[in-house]
Amino acid sequence: MTICPIAQEFDDYLTGAERDLLERGKDFAQRVVAPSAAQWESQRRVPVEALRAACSEGLANLELPQEFGGQELRFSAKLRLVEELAKVDFAFAFSLVNHHNATVRVAGAQRELAQRLVPRMATGELIGCAAYTEPGHGSDLSGIVTSARPTGDGWMLAGEKAWITNAAVAGVAITLAQTNPAERNRGIASFIVEAERAGFVRHEPYSLQGCHAIGAGGGFRLQDYQAPSEALLDPPGEAFRRAITSINGARTYVAAMCAGMLESAIGRAISYGDKREAFGKSLLEFQGIRWSLIDAETDLAALRLLVYRAAQGIDAGQTVTEDAARAKKFAGERTLPHLAACLQAMGARGLRDDEPLARHLLAAKTAAFTDGTTEIMNERLGKLVVSRYLSDRQRK
């Protein structure tokens, strides 16, 4: 597929090492993910073997410190990798990036704990996840009720986590817990929770309508889970702030993954329409089909401009709350209807297992929920934009 000018310009911004990674990712997507994605979905399973293969091929240590065998690449390299992987399977890309993120976080733990866990995570022997949300608390992280009580030699954790990517197979979970409910977000701390320790009870994953390779759903319960003192990753007062910062990155790469799915769908629809004839002419000669695909491609270009702007801001160490929310909002609102239009352009052919469009549709709806719903993006942007306009007026 010919790369679009906006994506090409962004790839030119990447370093040589980052472009090499991207090429390896494209090869892995076609060689490993594309042939198996439909089967993973029909079998409703997390492809742990493919995650481990990605680890062995250097696709899960992008931002990991070199001390642990990592590449120390920029955020934009990760974003472009998952954008390419999402072209063939959003669920696998999302599972892989969440494992990668957890591995990087564990690398920042106390040295002895990091040296014990990171090498096992780097090979995929232990899969990682971020356990933020709960059965009754999603986007409102400040309301979590999983508790952490100090003991003589560590912390006692109790509570349930739900809708956690990779929870079905994870051996390590970066877990948010409340140390002082009266403090709300200032009382939240983060801990490294190990599934091999007593008190970790894994739930069966939910039976969903798609994206089973994510391994999300029922999560786990912490039942008098004793965390040693070194398992404290971020103390109260710091954990919530770090979680929110990481969510800005997640919103950006989720929007990029939507761009990947949309480009894939447009390409499939155009390829099919060029070969298929109806009433004596190719489908692409029908204005209605051409215009629907051009509408999709135009919004794809706009989405990429929003995404790549946010990514470069993250690379530069900037606060990208507004840019990330805007990209995520645009992706959540525009991707789904355009994917449906691409599917319509392909007719019943688009429903076949060997076509990714139906999986993309369900994944796009999943993307509209994860790391903050579209409604949450509107609320966040509303506060930021109103505040900025009012401030500008006061200065004048």
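Is R349 buried, partly exposed or exposed? R349 is partly exposed, with a relative accessible area of 28%. The terms here run as follows: buried means under 20% relative accessible area, exposed over 50%, and partly exposed in between, with a 1.4 Å probe and protein chains only.

Before going on, the basis. This is a predicted model, in which local features need pLDDT of at least 70 and side-chain atom pairs count only at pLDDT 80 or more, while totals for chains, interfaces and linings use all residues. Residues are numbered from 1 along each chain as its sequence is written, and side-chain values use heavy atoms, with hydrogens and water left out.

Now the overall picture. The protein has twelve helices and ten strands; helices (H or I, at least four residues) and strands (E, at least two) are DSSP runs, numbered from the N terminus. Its radius of gyration is 21 Å, close to the 21 Å that the globule rule gives for 396 residues, so the protein is as compact as a globular protein of that length. That radius is taken over C-alpha atoms, and the rule is 2.2 Å times the number of residues to the power 0.38. Along the principal axes, the C-alpha atoms fill a box of roughly 80 × 60 × 40 Å.

Of the 396 residues, 52% are buried. Among contacts with a separation of 6 or more, 75% come from residues 24 or more positions apart; contact means heavy atoms within 4.5 Å. The accessible surface is about 17700 Å², and carbon and sulfur atoms hold 51% of that surface. Those areas come from the Shrake-Rupley method with a 1.4 Å probe, and for residues only the protein chains shown count as cover.

On to charges. There are 46 positive and 48 negative side chains, and the centres of the two sets lie 4 Å apart. Lys and Arg count as positive and Asp and Glu as negative, with His and the chain ends not counted. A charge is placed at NZ of Lys, CZ of Arg, CG of Asp or CD of Glu.

How many salt bridges does the count come to? The answer is 31, where a salt bridge is a side-chain nitrogen of Lys or Arg within 4 Å of a carboxyl oxygen of Asp or Glu. I will take three of them.

D354 counts as partly exposed, at 42% relative accessibility. Elsewhere, salt bridges that share partners join D11, R80, E83, E84, K87, E263 and R304 into one network.

Next, E194 and R116, whose side chains meet in a salt bridge at 2.8 Å, N to O. This pair links distant parts of the chain: E194 is in strand 5 (residues 188–194), R116 is in helix 7 (residues 111–122), and 78 residues separate them. Which end is buried and which is partly exposed? E194 is buried, with a relative accessible area of 6%, whereas R116 is partly exposed at 40%.

Then K26 and E23, with a salt bridge of 3.4 Å, N to O. Both residues lie in helix 2, three residues apart, about one turn of the helix. K26 is partly exposed at 26%, and E23 is partly exposed at 47%. Leaving aside neighbours within four places in sequence, K26 is in contact with R80 and E84. K26 and E83 are 57 residues apart in sequence and 9.8 Å apart in space, C-alpha to C-alpha.

A buried site next. H99 is found in helix 6 (residues 90–107) and counts as buried, at 0% relative accessibility. Beyond its neighbours within four places in sequence, H99 has contacts that include C55, M121, I127 and N166.

Last, some loop residues. W163, which is not a glycine, has a positive phi of about 55° and sits in the loop between strand 3 (154–161) and strand 4 (172–178). D371 has a positive phi of about 55° and is not a glycine either; D371 lies in the loop between helix 11 and helix 12 (374–395) and is partly exposed at 23%. D353 lies in the loop between helix 10 (321–346) and helix 11 (357–369). At 61% relative accessibility, D353 counts as exposed. D353 and G332 are 21 residues apart in sequence and 24 Å apart in space, C-alpha to C-alpha.
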